[in-house]
Amino acid sequence: MSGGDIHQLAAAYALDAVDERERAEFEAHYATCAACQPEVAGYRETLAHVAAATAVPPRESLKAEVMAEIGVSRQLSPLVPDAVADLASFRLRHQRSSLLLAAAAVMVLVAGGAFFVGRRSHQSDGYATAVAAVLARPDARVVNLDGTGSGTF
């Protein structure tokens, strides 16, 4: 057995499921291997028990008895929830939750907009104060431009 462990052939050898080359290699090994001999003997004993077992055909009346019992036995229905929801009530609940979700989204947008506008007005107040402070300095000059010049001083 090239590239593999010869011990792995013990079950196949006991089942007579090896080709001629594998059989020759395993039999040469088997004669001197203390591990393979009891393993092959165990497989052969088990196979003898399996071969001795025979199937017992069912009695002739069994099919008729089963078919008769099926006719009178209550069949279990598939697993369903205890209370099946009415489609109209489901739609109503879905519409309500959609409206609540939309109202919450509008409230978040209004609150965010108010916060942003309030922050901008606070910032613009700060800018106006800063510009007034710069213009109030004694070294500040205000130059009015008419817009007709070249843009240079």
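What follows is a short chat about a predicted model of a protein.

Q: What kind of model is this, and what pLDDT do local features need?
A: The model is predicted; local features need pLDDT of at least 70, side-chain atom pairs count only at pLDDT 80 or more, and totals for chains, interfaces and linings use all residues. Residues are numbered from 1 along each chain as its sequence is written, and side-chain values use heavy atoms, with hydrogens and water left out.

Q: How many helices and strands does the protein have?
A: Five helices and zero strands, in the pattern α-α-α-α-α along the sequence. Both are DSSP runs numbered from the N terminus: helices are H or I with at least four residues, strands E with at least two.

Q: How much of the protein is buried?
A: Buried residues are 8% of the 153 residues. Buried means under 20% relative accessible area, exposed over 50%, and partly exposed in between, with a 1.4 Å probe and protein chains only.

Q: And the accessible surface, what does that come to?
A: About 13300 Å², with 64% belonging to carbon and sulfur atoms. The areas come from the Shrake-Rupley method with a 1.4 Å probe; for residues, only the protein chains shown count as cover.

Q: Which residues make up the largest nonpolar core?
A: The core has 10 residues: Ile-6, Leu-9, Ala-10, Tyr-13, Ala-14, Val-18, Phe-26, Cys-33, Cys-36 and Val-40. A nonpolar core is a set of buried Ala, Val, Leu, Ile, Met, Phe, Trp, Tyr and Cys residues joined through side-chain atoms within 4.5 Å.

Q: Which helix gives the most to this core?
A: α1, with three residues. α1 and α3 (36-52) each supply at least two.

Q: What is Phe-26 in contact with?
A: Leaving aside neighbours within four places in sequence, Phe-26 contacts Ile-6, Leu-9, Ala-10, Tyr-13, Cys-36 and Val-40. Contact means heavy atoms within 4.5 Å.

Q: How are the rings of Tyr-13 and Phe-26 placed?
A: By the ring rule there are three aromatic pairs. In this one the centres are 4.8 Å apart and the planes at 40°, so the pair is tilted. Rings of Phe, Tyr and Trp (its six-membered ring) pair if their centres lie within 6.5 Å; planes under 30 degrees apart count as stacked, over 60 as edge-to-face and the rest as tilted.

Q: Which parts does that pair tie together?
A: Tyr-13 lies in α1 (residues 10-14) and Phe-26 in α2 (residues 20-30), so the pair ties together parts 13 residues apart in sequence.

Q: Which residues of α2 are buried?
A: Glu-22, Arg-23, Phe-26 and His-29. They cover an arc of only 135° around the axis, which puts them on the same side of α2; the arc is that of the directions from the helix axis to the C-beta atoms. The face turned away from the buried side carries the exposed residues Glu-20 and Ala-28.

Q: Why does Arg-23 count as buried?
A: Because its relative accessibility is 19%. Arg-23 touches Tyr-13, Asp-16 and Val-18, not counting residues up to four places away in sequence.
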